[in-house]
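Hello, and thanks for taking a look at this one with me. Here are some notes to read alongside the model.

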Amino acid sequence: MRTLRQTAQMLRKELLTEWRQRSRVSGIFWFALATVLMVAFSTPESTILPRIAGGTLWLGLLLASTRSLDQSYAVEHEHGAMEGLLLWPVEPVAVFYGKALANTAVLVGVALALLPLLVGIYDAPIHGSLPMLFLTVLLGCGALAAPGTLYGLITSQARGSSVLLPLLLFPLVVPALLAVSNATTKIFEGDPMNQAPSWIALVAAFDAVHWSLSAVLYGRIQED
Amino acid sequence: MLGPVRIEDVSRRYGRRWALIHVDVEIRPGEAWMLLGHNGSGKSTLIGCLSTALRVHEGRITMGGRELWEHRQDLRGRIAVLGHKPHLYDDLSAAENLSVWAGLGGLEADIPGLLRRVGLDPERRDPVRMFSAGMRRRAALARMLLKQPELVLLDEPFTALDPAGRELLVGVVRSLRDAGATIVMATHLPQAARAVCEHALILEQGRPIYTGSVDGLPQDLAFE
């Protein structure tokens, strides 16, 4: 119960600081949109665009997530708040879940803002189920946020953290990215063979492992 | 009550350089100690070890007979630190900061009352980034008071404070001591610390060179 309350408080703090610095979130959105646009304009055949819309969405979110995660720790280190958290009677698990949930929420927000633009620019109408697309986005953003929150902590105290974070994070999230890209593409194109649920199940399994394992490791890394 | 703080033959190094060497002191409940010494003498390292931010490499520290590092999760709720960094979130107001930290620690606090006590206006909505260094220090002091601590660790607490701020800080620390808290204050301003502390530990290059009453110190002692 105490951990749940502390997680809710941490989440509240994260969302409040994000709200106060809305320029940070909009910066992440523009970064993701620029990626989506660059891929669209560099593709020679416009007929290919609807087929790559799903993958491009996740490419944009992946690149934007490193900025978002990096900034989430920059706030903590500005005036030693990270040390303050360590010395405060708050469980590291709650700090992890609060931050990871907030990072997920930011990425989901960016993804939801990108989706209509993606549909328009890539001429990719959504033939599949919208709730399933939302579930895919939620699980996919969670798959970036959980390991990203852990690795963000590791790299945040190192010099060149913005370079180190993608180096550590990208190889780790490849399976989840392949699965969400495939699931999203199937949902965009229509899914007569009903393959999307299998890809979604794979992302859900990835999330289950990383949301539990990262929470356990977070406290040990925070102490170091 | 926390019981005595025993620093037993403690040494701590950074890499191969020893910052604390064989420090051995017993601090009884309710006592107020000043840590004196030149820059780099090990004062902040000792405060770090007492706060559980740093682990000792030799010897041990106990509080009320409990090994500090081993029981750090339990004891952190009873230790308050006012360090070099204010442990505040720049984008939030002072009241929001206190509300966040109180919520995280599950602490009941009269936040407007605390802010008034340190000379800040509870109605002020400006984010902490707009504060002067002295006002930030006051906000950090209010944050420290959220805990109703039994061990109070102050690292160069007079930094950035004007004479009125110093007087206020001395008053707050005195009231904590009168309420039974143990005080450890690292400073290079012994004259200011004399108003609160009756014991002194002088460190030189990590080694204790004086342990005892402040009455045994020369009046014109200075560490510039």
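1. Where the chains meet. In this predicted model, 22 residues of chain A are in contact with 23 residues of chain B (contact: C-beta atoms, placed from the backbone, within 7 Å). On the chain A side, the elements giving two or more residues are α1, α3 (49–78) and α4 (81–87); helices and strands here are DSSP runs (helices H or I, at least four residues; strands E, at least two), numbered from the N terminus. The top contributor on that side is α1(A), with nine residues. By class, the side of chain A that touches chain B has nine nonpolar, seven polar and six charged residues. In that count, Ala, Val, Leu, Ile, Met, Phe, Trp, Tyr, Cys and Pro are nonpolar, Asp, Glu, Lys and Arg are charged, and the others, Gly among them, are polar.

2. Conventions. Residues are numbered from 1 along each chain as its sequence is written, while chains are lettered from A and ligands numbered from 1 in the order in which they are written. Since the model is predicted, local features need pLDDT of at least 70 and side-chain atom pairs count only at pLDDT 80 or more, whereas totals for chains, interfaces and linings use all residues.

3. A helix pair in chain A. Helices α2 (residues 22–42) and α5 (residues 92–121) of chain A have axes that come within 10 Å and cross at roughly 30° (axes are lines fitted to C-alpha atoms, for helices over the stretch in contact, with angles from 0 to 180 degrees between N-to-C directions). The crossing is right-handed, that is, the near helix is turned clockwise from the far one by less than a right angle. Among the residues making the contact are A:Phe29 and A:Leu33 of α2(A), with A:Val110 and A:Leu114 of α5(A). The contact residues divide into 14 nonpolar, one polar and no charged.

4. Helix α5 of chain B. How far apart are the end C-alpha atoms of α5(B)? They are 19 Å apart, which agrees with the 18 Å that its 13 residues (133–145) should span at 1.5 Å a residue; the expected span is 1.5 Å times one less than the number of residues. Ten of the 13 residues are buried, so α5(B) is largely enclosed by the rest of the structure (buried: 20 or more other C-beta atoms within 10 Å of a residue's own; exposed: 12 or fewer; partly exposed: in between; C-beta atoms placed from the backbone). The buried set includes B:Met135, B:Arg137, B:Arg138 and B:Arg143. Packed against these buried residues are β6 (79–82), α3 (94–105), α4 (111–117) and α6 (163–178) of chain B.

5. Its neighbour α3(B). This helix has twelve residues and reaches 17 Å from first C-alpha to last, close to the expected 16 Å. Its buried residues include B:Glu96, B:Asn97 and B:Trp101. The cover over the buried residues of α3(B) includes α1 (2–20) of chain A, together with α4 and α5 of chain B. B:Gly106 follows α3(B) and has a positive phi near 65°.

6. Sheets in chain B. One open sheet has four strands in the order β2-β1-β4-β5, with antiparallel pairing (strands pair if DSSP finds at least two bridges between them). Strands β2 (17–27) and β5 (66–67) stand at the edges with a single partner each, so one side of each has no neighbour in the sheet. Two bridges join β4 (residues 58–63) to β5(B), and B:Thr62 stands opposite B:Glu67. Helix α1 (residues 43–51) lies across β1 (5–14), β2 and β4 of chain B, at about 60° to β2(B). Elsewhere, β3 (residues 32–36) and β9 (residues 199–204) of chain B pair in the parallel sense over four bridges, while six bridges join β9(B) to the antiparallel β10 (residues 207–213).

7. Positive phi values to check. Most residues other than glycine have a negative phi. In the hairpin of β9(B) and β10(B), B:Gln205 takes a positive phi near 50°. B:Thr52 has a positive phi of about 75° and lies in the loop between α1 and β4 of chain B. Is B:Thr52 buried or exposed? B:Thr52 is buried, with 21 other C-beta atoms within 10 Å. B:Ala160, with phi near 70°, lies in the loop between β7 (151–155) and α6 of chain B and is partly exposed, with 16 other C-beta atoms within 10 Å.

Conventions
Two residues are in contact if their C-beta atoms, placed from the backbone, lie within 7 Å.
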